[in-house]
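Visitor: I would like to go through this model term by term. Please set each value against its definition.

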Amino acid sequence: MKSKNLIKFLLATFFVFLSTQSFAKTIKWSMQGDSLTLDPHAQNEGPTTMVSRQVYEALVTRGLDMSIGPQLATDWKTTNPTTWVFNLRKDVKFSDGTSMTSEDVVFSILRAQQPTSDFKEYISTVTSVKALDEYTVEIQTRDPNPILLNQLSNIFVMSRKWCHENFAIVPQNWDAGQETFSATNSMGTGPFKITLREPNTKTVFKKNTKWWGNVEHNLTQIQLLPIKNAATRVAALLSGEIDIVTDAPVQDLARIKSSAEHKVESTPQMRTIFLGMDQAADKLRSGNTGDNPFKKKEVRQAFYQAIDIEAIKKKVMRGLSEPAGIITFPGVTGYTKELDKRLPYDVNAAKQLLADAGYPNGFDIELRCPNDRYVNDEAICTAVVGMLGKIGINVNLFAQTKSKHFKELKDDQGDFYMLGWGVPTLDSHYVFHYLYESGASWNKVNFSDPEVDAAIRVMEGEVDLDKRNAAIAKAWKIVRDNIAYLPLHHQVISWASKKKVNVPIRPNNEPLFRFSSIN
Amino acid sequence: MLIVAFVSFSLFNFVGDPINNMVGEETSDEERDELRETLGLNDPIHIQFSRFVINASKGEFGISYQLRRPVSELISERLPATIELVLISALIALVSGTLLGVYTGINRRGFLSDIILAISLLGVSLPTFVIGILFIYLFAVILGVLPSFGRGEVVDLGFWSTGFLTASGLKAIILPSVTLSLFQMTYIIRLVRAEMMEILQTDYIKFARARGISEKSIHYKHALKNGLIPVITIAGINIGTLIAFSIITETVFQWPGMGFLFIQAVQFVDIPIMSAYLVFIAFVFVMINFIVDILYYFIDPRIRVKAEAVSG
Amino acid sequence: MDSQKLTLFNRIKDSDIYFSFIKSPTAIVSAIILIIIFFCSFFVEFVTPYNPFDPSSLSLMDAFTPPSWTEDGLAKFILGTDGQGRDMLSTILYGSRISLIVGFSAIIFSLILGVSLGLTAGYFGGKYEMIVMRLTDVQLTVPSILMALLVDGIARGIISREMHDEMAIYVLIFAIGISEWPQFARVSRAATLVEKNKDYVSASTIIGVSNILIMFKHILPNIMRPVLVIGTIGLALAILAESTLSFLGVGVPPTTPSLGTLIRLGNDFLFSGEWWITFFPAIFLVILAFSINLLGDWMRDTLNPKLN
């Protein structure tokens with residue numbers, strides 16, 4: 001009898017444990033990393049912005065469909081090509097109850113221009129910002145700026161009063177490890193406010209009852225619980241401890257889908273993965289030929305045609321990638337379907353091209369890869385190694401953590417490397433400016449073409465859209481024909497969640513919980 | 001301690017360049033240099049080291065390169081998680097290990113003993129990370145009864161955050177602590193068993209038997225007491241080992257303790273965290289050895305007698 | 001010559017070890033399993049038709065083939081393939097070869113280090129003995145995994161990246177070996193202390209045999225039994241330590257994966273239904289370690305009559 005009672009007791013306690021405390025409409029959200037800081041101007045980095053976006057708002061913002069629309073500003077006009085006037089909403093209150101006025105907007109834009117701000121590059125063209133009256137702001141730019149609204153959509157508005165009271169007038173100096181009130185606390189105009197912050201462990205967002213907007217969500221709370229290990233993250237989702245994962249590993253999607261209580265949503269991400277081949281060095285650092293085979297376009301084309309991108313899509317990416325012909329994606333000005341077509345996969349043609357170039361027996365080369373940056377990056381590289389092996393290229397794969405990978409690329413140590421590129425401005429100029437312009441900071445293949453450089457100048461200053469588009473099209477054709485890079489695919493992102501949780505997926509991987517609901 | 005401090009500083013100082021781990025893809029070279037200057041990485045090595053020792057003695061290990069927060073703060077934040085995990089594991093390992101060890105030591109040829117021994121041997125052969133993965137798969141994914149990661153809800157007591165006071169916290173500690181304890185438990189079983197077998201053959205036990213003292217009393221009063229001496233040494237080493245092995249368990253279960261912090265730091269070459277962790281571990285080992293020596297004194301009469309003879 | 005062989009055979013046959021061996025089914029089974037594993041691992045080139053480390057022979061389209069007895073399995077891949085289209089069975093055998101090489105080398109390294117220190121310490125005694133024994137105490141308190149992480153960290157700092165990939169296996173052997181030696185030192189010292197006072201040693205000393213000769217010719221053979229027991233159990237420990245380090249990502253580079261690396265890589269596929277990628281290396285590792293432990297256990301019981 002005694003032991004029976006004990007068992008009863010144990011069972012009872014057990015079931016008490018099992019009956020999980022049901023919080024009213026709480027979404028538990030997980031991803032690999034955490035926000036680095038709550039200061040909305042201190043770090044321009046994915047998860048950091050994702051968190052800030054729930055709490056802070058900007059003059060304009062991208063909606064669910066990624067189009068730019070009003071947020072804190074109701075409308076705007078350009079009085080001359082370099083002067084913009086924004087009319088602000090009059091009913092906006094911060095979560096402490098104070099009203100937002102043009103003073104706060106001016107203060108925030110100036111704050112984002114301080115040396116410690118990570119967004120200063122974004123709005124470097126802004127020369128002056130001033131309040132015309134309590135709800136009107138005027139912004140002047142150095143040159144006509146066709147993408148100012150894009151840029152402003154990432155500049156969050158803070159309360160001038162709150163910043164002054166809490167000694168947070170300038171952004172946190174992230175690089176120097178500075179600690180500020182604004183890095184661990186937040187106070188914005190957005191639909192949620194942060195009530196608990198334990199970096200890398202837990203962040204709790206509560207509904208902001210003073211929010212000005214039309215409440216479309218039905219949440220009372222969001223909890224962000226970062227889980228670094230992918231398998232653990234999936235396990236937590238499947239066991240019900242987590243409601244949504246915004247970076248679900250592709251290999252686990254089938255398993256998650258097979259669960260009756262879970263669903264998976266995927267959408268093309270604004271990021272293209274490609275390989276770079278240094279075509280300027282006289283001698284490769286890792287080769288065995290004593291020269292640089294990549295100088296010959298035939299060799300670059302042989303590499304291109306040796307890659308069976310469909311096999312990578314099917315086996316490595318589990319169908320979740322779009323094979324790419326250029327390093328940009330639908331939705332970016334300058335993208336066309338025609339440009340995005342790939343050269344055919346053809347091993348024999350590739351061998352022939354190698355032989356024609358004078359390397360019938362192939363050569364040795366090192367491929368540098370990150371192993372924690374892109375979706376299945378290392379696995380893609382491993383697959384590439386095998387495919388190039390079939391045309392006689394002996395590839396030594398060197399995969400390492402992203403920070404080292406990028407640093408060593410910066411130091412010009414790569415002959416043959418993987419990189420991915422997103423286009424936050426949704427304009428081709430961003431790609432050319434960083435990847436193709438002679439001497440550009442990420443042009444590590446050392447591509448250089450005067451015609452492309454000239455076209456980039458046109459993209460920067462030309463206000464006539466037809467002429468500008470023509471320049472973009474011409475530049476894309478040149479770099480594509482040259483095989484300046486070896487494009488692989490556009491990434492697809494997947495969010496996995498419980499069926500009862502509804503968070504609309506967005507191509508920039510940013511959830512907007514103000515449009516989310518839980519049934 | 002100083003040696004460890006020196007080793008932890010000076011050696012990790014050569015491990016890679018922290019700057020590359022801190023900045024993103026789009027940081028200019030000027031910004032990199034500026035950062036280097038702010039962090040004092042341009043100073044000569046001996047200046048950096050003396051700065052390190054002075055700060056370390058004050059409990060300051062600088063600011064984490066990766067998380068940009070003071071290391072002392074990070075460590076004290078993570079410390080409760082690791083300590084709770086290790087203590088629970090040590091308790092499980094010691095209690096069940098001793099009990100099973102005594103049982104198998106007394107009933108040497110029993111069927112149950114053989115089973116326990118076989119399982120304990122299997123336990124030694126199963127690496128901790130495999131057990132952890134198995135547990136997560138079984139209890140969290142298939143059965144869905146226990147959480148697979150983290151500490152659950154914790155209660156902050158000001159200086160200490162504990163998971164013992166909430167249901168989810170208690171649930172969360174089950175899998176990691178059992179995983180962590182298994183390997184050590186098997187060791188203790190075997191050790192206690194061997195000790196018991198050896199002691200049961202000694203003369204004084206034979207005398208005790210001859211004097212007609214009951215078997216139970218012989219086993220638990222006379223034999224176990226002496227059999228425990230090596231267990232205490234092992235338990236001491238054990239706690240150190242548990243702290244080290246918690247690196248693996250914490251990684252598998254995403255337990256927000258120091259081991260997890262350490263492994264993340266290794267991946268980011270986060271020197272301040274790594275050196276602080278090593279100094280901390282060294283400190284723990286010194287303390288454990290000290291405590292074990294004291295315990296010896298109380299448990300083993302021979303040492304006590306010797307000590308008294310000397311002092312007397 | 002022939003008769004000599006015969007006597008050796010007879011000596012083995014008549015020995016108590018052999019007798020105890022054929023009486024112990026666990027010992028026989030585990031020995032057979034180990035022999036099969038050793039054979040297959042070291043002659044893997046002849047055992048399987050695949051070389052999983054020749055990238056040009058792989059086809060990505062073969063990736064994720066399940067084991068042959070399941071619905072979508074192929075007869076040519078008995079245990080299925082991994083994410084790169086490598087045959088699991090051959091990958092495991094190649095991996096187990098790496099694990100065994102690291103395990104054996106580490107244990108031999110620590111055996112040589114430990115026995116020579118323990119033997120000399122026991123033989124000469126004095127301050128030297130005290131220092132050695134103090135060292136073993138210190139070493140014993142540092143957990144092997146931490147020691148190995150430390151050694152690996154140091155190595156990464158000192159040698160360049162290209163060198164490190166080549167050196168990784170030696171670093172690992174050193175890292176694991178350095179944390180196992182105190183066991184050997186303690187046991188061999190204790191055994192030496194016993195042997196040292198026996199008559200034959202005193203006799204040898206009197207007739208002027210050199211110290212080195214006495215130690216290695218006379219004492220060493222007599223302490224080999226306990227050393228062997230520790231070595232066998234240490235081998236299992238070393239193999240597990242290697243796999244743990246590789247699982248944490250600080251072991252052998254992925255280009256020459258050991259069992260631990262394979263489990264780590266396969267762990268990503270645990271929930272996606274490709275269970276065989278992590279299951280088979282894990283079970284193989286457990287069988288390997290379990291067999292060694294069983295054998296070690298049997299040896300301890302047999303060679304250490306005190307416990308019987």
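Guide: Start with the domains. Chain A is divided into domain 1 (29-208) and domain 2 (269-493).

Visitor: What makes these the domain bounds?

Guide: The bounds come from an automatic or database domain assignment. Taken over C-alpha atoms, the centres of domain 1 and domain 2 of chain A are 35 Å apart. Their contact takes 7 residues from domain 1 of chain A and 6 residues from domain 2 of chain A. Two residues are in contact if their C-beta atoms, placed from the backbone, lie within 7 Å. On the domain 1 side of chain A, the touching residues divide into 5 nonpolar, 1 polar and 1 charged. Ala, Val, Leu, Ile, Met, Phe, Trp, Tyr, Cys and Pro count as nonpolar; Asp, Glu, Lys and Arg count as charged; the others, Gly among them, are polar.

Visitor: What kind of model is this, and which residues count?

Guide: This is a predicted model: local features need pLDDT of at least 70, side-chain atom pairs count only at pLDDT 80 or more, and totals for chains, interfaces and linings use all residues. Residues are numbered from 1 along each chain as its sequence is written, and chains are lettered from A and ligands numbered from 1 in the order in which they are written.

Visitor: How do you know how confident the predictor is in chain A?

Guide: By pLDDT, the predictor's confidence in each residue, from 0 to 100. Chain A has a mean of 88, and 95% of its residues reach 70 or more. Residues 13-23 of chain A stay under 50, and the model has 5 contacts for them beyond four places in sequence.

Visitor: And what is the mean for chain B?

Guide: The mean pLDDT of chain B is 73, with 70% of its residues at 70 or more. Within chain B, confidence is lowest in helix 2 (residues 18-22), at a mean of 45, and highest in helix 5 (residues 71-106), at 86.

Visitor: Why is chain A called as compact as a globular protein of its length?

Guide: First, the elements: chain A has 16 helices and 19 strands. Helices (H or I, at least four residues) and strands (E, at least two) are DSSP runs, numbered from the N terminus. Now the size. The globule rule is 2.2 Å times the number of residues to the power 0.38, and the radius of gyration is taken over C-alpha atoms. For 519 residues the rule gives 24 Å; chain A has 26 Å, which is close, so chain A is as compact as a globular protein of that length.

Visitor: How much of chain A is called buried?

Guide: Buried residues make up 50% of the 519 residues in chain A. A residue is buried if 20 or more other C-beta atoms, placed from the backbone, lie within 10 Å of its own; exposed means 12 or fewer, and partly exposed lies in between.

Visitor: What makes up the side of chain A that touches chain C?

Guide: In all, 21 residues of chain A are in contact with 16 residues of chain C. Helix 12 of chain A gives the most to that side, with 6 residues. By class, the side has 12 nonpolar, 4 polar and 5 charged residues.
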